[in-house]
Amino acid sequence: MDDLLAVIVAKYNYWIYVILMMIGFYAMIGKRNLVKKLIGMNIFQTAIILMFVSAGVKHGGKIPILNKYEVLKNGIDATQIVNPLPHVLMLTAIVVSVSITGVALAILLRIYREYGTLEEDEILEKLGK
Amino acid sequence: MSTSNLHIYVMAVPLLTAFFVNLLGRTSKVWIAPLVVGSLAFSSVASLVLMGRVMTSGGFSYTVGNWVPPYGIELVVDHLSALMLVLISVVALFASVSALKSVEQELPGREHLFFTLYLILIAGLMGLVLTADAFNLYVLLEITSITTYGLIAMGKGRAPLASFNYIIMGSIGACFYLLGVGYLYLMTGTLNMAEISQTLPVIGGGAAVATALAFILVGLWIKMAFFPLHGWLPNAYSLAPTGAALIVAPLMTKVSIYLMVRVMFSVFSIDYLFLQNPLVDAVIVWGAAIAIVCASALALAQKDLKRMLTYIIVAEVGYMVGGAWLANSTGMTGALLHIVNDALMTLCLFLAAAAILYRVGSLDFDKLQGIYRKMPITMAAFTIGAFSMIGVPPTAGFFSKWYLILGGIEGGHWEFVVALLFSSLINAVLFFRIIEIGYFHKDGEHHGHETITEAPLQMQAPLLICAVALIVIGLGSGPLVEKIITLAIPVGL
């Protein structure tokens with residue numbers, strides 16, 4: 001039991017991402033309201049973004065803004081600074097996620113105009129008629 | 001214009017033209033057709049020149065902005081990606097000529113919006129086949145997906161709903177891919193495909209690497225609609241505007257399969273995939289066999305030509321996934337050749353469907369009675385496409401299926417061979433049913449159909465060229481395999 005707890009505490013960032021991801025996944029699959037599905041998708045994407053970002057963190061790491069001349073002279077101690085690459089990547093991923101949400105909301109608007117509801121069951125009922 | 005940057009121009013020209021289509025298309029519609037066709041014609045010619053160059057002097061890699069690979073994004077042009085570039089630009093060119101006509105009919109006043117998305121989609125697909133960076137691939141995957149969501153949602157009636165379902169499924173797929181790449185990045189510290197594949201043997205195949213492979217594969221399978229992850233595809237593709245289906249149906253699934261092959265052999269290795277984990281490929285080939293049988297059976301139940309074609313696409317995805325995982329070079333040849341052939345025959349059938357839809361207004365089987373007499377040229381081309389899908393020699397479909405079956409026998413995967421033969425039989429039933437309805441059934445009660453004539457030349461010309469290409473490629477399969485595809489197969493298979 002203690003071992004398990006130690007594992008969870010040592011890598012708590014990954015556990016948080018897994019839990020968030022499952023919440024998002026459940027909302028996408030289980031919820032019947034289309035907006036809730038979309039929000040679930042957002043949580044899902046955020047979980048992955050958090051995983052990447054937390055992977056770059058180091059204990060006591062400084063921000064990765066360095067003096068070029070000092071680095072050229074003394075070299076660089078990679079253990080002292082936070083890895084900036086995952087953060088940069090996730091900026092792109094956030095842009096992707098925002099644009100998908102935008103497109104999806106626009107499509108939801110059209111669905112609402114067409115059927116007058118965003119509940120999946122009610123839409124399917126209207127389609128069945 | 002220096003020719004060493006040719007592949008950048010192939011991709012950049014449609015991308016930049018997209019903005020001009022949007023700007024100038026707002027003022028006047030006359031700009032749209034020359035811009036779209038002109039840019040895609042340029043890309044086709046340039047990609048053919050590039051293909052010639054790769055065939056004479058071999059593949060090369062290109063660093064964007066002179067940032068050396070581990071730091072910058074690397075583009076790789078080898079036999080396989082050059083072949084895919086040619087395929088994408090040529091298919092896009094033919095599809096656009098016909099799409100111009102059907103979009104004019106279906107989306108009047110919104111042509112400039114449609115073709116803006118259309119060209120960005122093409123540029124995204126070209127980027128996908130060129131990139132050698134795992135994260136860049138994710139971004140381009142989402143560019144193609146977002147444009148496709150928009151294109152599909154432009155359709156009538158239930159299309160926005162189908163598009164929304166596609167968004168949810170497509171995002172799960174892309175997120176799984178990103179998660180897999182994240183695991184690989186955590187293990188290897190790099191995103192460049194070549195670097196990852198060099199580092200992976202050193203760190204060995206732990207649970208994290210296996211998880212990464214599983215996430216990436218499932219993500220790509222969702223994107224390519226590999227049965228049973230195909231749920232989004234039939235609705236999305238059959239409800240999309242005809243012009244969108246013309247480009248999305250032949251290319252999207254095929255490019256995803258290319259990506260799977262890329263990830264399998266450029267990121268992971270033959271050693272890791274087939275030798276260290278021998279059961280995995282057998283399981284996937286079984287899955288592909290089941291996918292082929294189930295999707296073919298579902299195609300039988302359809303009452304609409306376009307919906308039937310979408311289920312055939314799902315079955316064809318099974319062919320290529322199975323072929324790639326047969327773990328021998330014959331199967332791989334079949335899979336790669338089938339990417340080319342399937343893109344062309346799907347294009348041919350969808351072009352024919354678009355031409356019928358343009359004149360008849362519906363693709364219900366009941367409405368197709370006597371269609372052969374009214375649209376003989378269109379239906380002749382449709383028949384060639386259908387024969388290729390069934391696998392009748394000398395059409396292209398026969399040769400790739402032949403390689404796939406030989407590969408299945410060589411690998412001892414009899415279930416895959418049986419599934420392929422079963423699917424060919426089902427395809428024969430499906431298409432002969434349409435030929436029977438169209439050729440022999442008289443449409444006594446439908447007097448309104450008297451006015452139906454041949455489709456406009458703008459829709460017939462690409463269709464006929466495509467049908468002829470199916471036979472030419474079929475007859476030229478030997479040189480195509482010898483000169484390009486054998487060189488595209490990873491060494492050691």
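Okay, let's start in chain B: the buried residues of H8(B) pack against helix H5 (134-153), helix H6 (159-188), helix H7 (193-203), helix H10 (242-267) and helix H13 (305-324) of that chain. Keep in mind that what we're looking at is a predicted model.

So what is H8(B) itself like? The helix covers residues 207-224, which is 18 residues. From first C-alpha to last, H8(B) reaches 26 Å, close to the 26 Å expected at 1.5 Å a residue. And which of its residues are buried? Going along the helix, we have Val209(B), Ala212(B), Leu213(B), Phe215(B), Ile216(B) and Leu217(B), and then Gly219(B), Leu220(B), Trp221(B), Ile222(B), Lys223(B) and Met224(B). After the helix comes Ala225(B), with a positive phi, near 60 degrees.

Now, H13 was one of the partners of H8(B), and I'd like to pick out a residue there. Ile313(B) lies in helix H13 of chain B. Is Ile313(B) buried or exposed? Buried, because 25 other C-beta atoms sit within 10 Å, and the cut-off is 20 or more. Leaving out neighbours within four places in sequence, Ile313(B) is in contact with Leu233(B), Ala249(B), Thr253(B) and Thr346(B).

Next, a helix pair, still in chain B. H14 (residues 329-360) and H19 (residues 457-475) pack at about 150 degrees, and their axes are 9 Å apart. That angle makes H14(B) roughly antiparallel to H19(B), since anything over 145 counts that way. The crossing is left-handed. On the H14(B) side the contact residues include Leu344(B), Leu347(B), Leu351(B) and Tyr358(B), and on the H19(B) side they include Met459(B), Pro462(B), Leu463(B) and Ile473(B). What classes of residue make up this contact? There are 17 nonpolar, 2 polar and no charged residues.

Last stop, chain A. Leu34(A) is in helix H3, residues 34-55. Leu34(A) counts as buried because it has 22 C-beta neighbours inside 10 Å. Which residues does Leu34(A) touch, not counting those up to four places away in sequence? Leu108(A), Ile111(A), Leu118(A) and Glu120(A), plus Phe164(B) from chain B. For Met90(A), 56 residues along the chain from Leu34(A), the C-alpha separation is 26 Å.

That's my tour, thanks.

How values were computed. Residues numbered from 1 in each chain as written. Chains lettered and ligands numbered in written order. Predicted model: local features only at pLDDT ≥ 70, side-chain atom pairs only at ≥ 80, totals over all residues. Helix = DSSP H or I, 4+ residues; strand = E, 2+ residues; numbered from the N terminus. Expected span 1.5 Å × (residues − 1). Buried ≥ 20, exposed ≤ 12 C-beta atoms within 10 Å, placed from the backbone. Contact = placed C-beta atoms within 7 Å. Axes fitted to C-alpha atoms, helices over the stretch in contact; angles between N-to-C directions. Parallel < 35°, antiparallel > 145°, perpendicular 65-115°, else oblique. Left-handed = near helix turned anticlockwise from the far one by under 90°. Nonpolar A, V, L, I, M, F, W, Y, C, P; charged D, E, K, R; others polar.
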